[in-house]
Amino acid sequence: MLKTIYTPKAPAAIGPYSQAVVCGDMLFTSGQIPVNPETGEIAGETISEQAEQVMKNIGAVLEEAGTNFENAVKTTCFLADMGDFQVFNEIYAKYFVNKPARSCVAVKTLPKNVLCEVEVIAKL
């Protein structure tokens with residue numbers, strides 16, 4: 001049975017999808033972008049500011065589902081510019097200390113023209 005996860009501590013979906021879905025003992029999050037859930041605005045202009053907000057949003061979704069960063073199994077990271085890779089990694093490493101499996105790709109454009117987006121698969 002699937003369970004939809006929602007928290008007001010992370011941005012509401014801007015399309016026909018959920019913040020996350022639980023299937024069995026696994027959590028699958030949708031991609032989180034650097035939207036401040038309190039204002040609905042993009043948080044920051046730099047990759048470090050935006051990556052920090054993405055991690056806060058992911059943390060809120062993980063917490064709502066009853067898990068945390070340490071239980072992340074796999075992440076997929078999307079960057080608007082691979083030139084931001086090193087700075088993004090510095091922020092990412094503060095949160096994903098267990099070093100889950102990861103893919104990181106550059107994309108042409110992200111929603112709302114943000115600099116990064118991250119999705120997570122985690123164990124509950």
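Predicted model: local features only at pLDDT ≥ 70, side-chain atom pairs only at ≥ 80, totals over all residues.
Residues are numbered from 1 along each chain as its sequence is written, and side-chain values use heavy atoms, with hydrogens and water left out.

**Helix packing**

I looked up the geometry next: α1 (residues 47-65) and α2 (residues 85-95) pack at about 25 degrees, with axes 9 Å apart. Helices here are DSSP runs of H or I with at least four residues, strands are runs of E with at least two, and both are numbered from the N terminus. Axes are lines fitted to C-alpha atoms, for helices over the stretch in contact, with angles from 0 to 180 degrees between N-to-C directions. The two helices are therefore roughly parallel to each other (under 35 degrees; over 145 is roughly antiparallel, 65 to 115 roughly perpendicular, the rest oblique).

Which residues of α1 meet α2? I found Ile47, Ser48, Ala51, Glu52 and Met55 on the α1 side, facing Val87, Phe88, Ile91, Tyr92, Lys94 and Tyr95 in α2; contact means heavy atoms within 4.5 Å. By class, that contact has eight nonpolar, one polar and two charged residues.

I then checked Glu52, which sits in α1. Is Glu52 buried or exposed? It counts as buried, at 19% relative accessibility (buried is under 20%, exposed over 50%, partly exposed in between, with a 1.4 Å probe and protein chains only). Leaving out residues up to four places away in sequence, Glu52 touches Ile91, Lys94 and Tyr95.

**Aromatic rings**

I counted four aromatic pairs, taking ring centres within 6.5 Å, with planes under 30 degrees apart as stacked, over 60 as edge-to-face and the rest as tilted. Phe69 and Tyr95 make a tilted pair, 5.3 Å centre to centre with 50 degrees between the planes. Phe69 is in the loop between α1 and β4 (72-79) and Tyr95 in α2, so this pair ties together parts 26 residues apart in sequence.

Phe69 is buried at 12% relative accessibility. Its ring and that of Phe96 have centres 5.0 Å apart and planes at 80 degrees, so I logged the pair as edge-to-face. Phe96 is buried too, at 2%. To close, I noted one aromatic cluster: Phe69, Phe88, Tyr92, Tyr95 and Phe96.

Technical notes. Nonpolar A, V, L, I, M, F, W, Y, C, P; charged D, E, K, R; others polar. Phe/Tyr/Trp six-rings, centres within 6.5 Å; stacked < 30°, edge-to-face > 60°.
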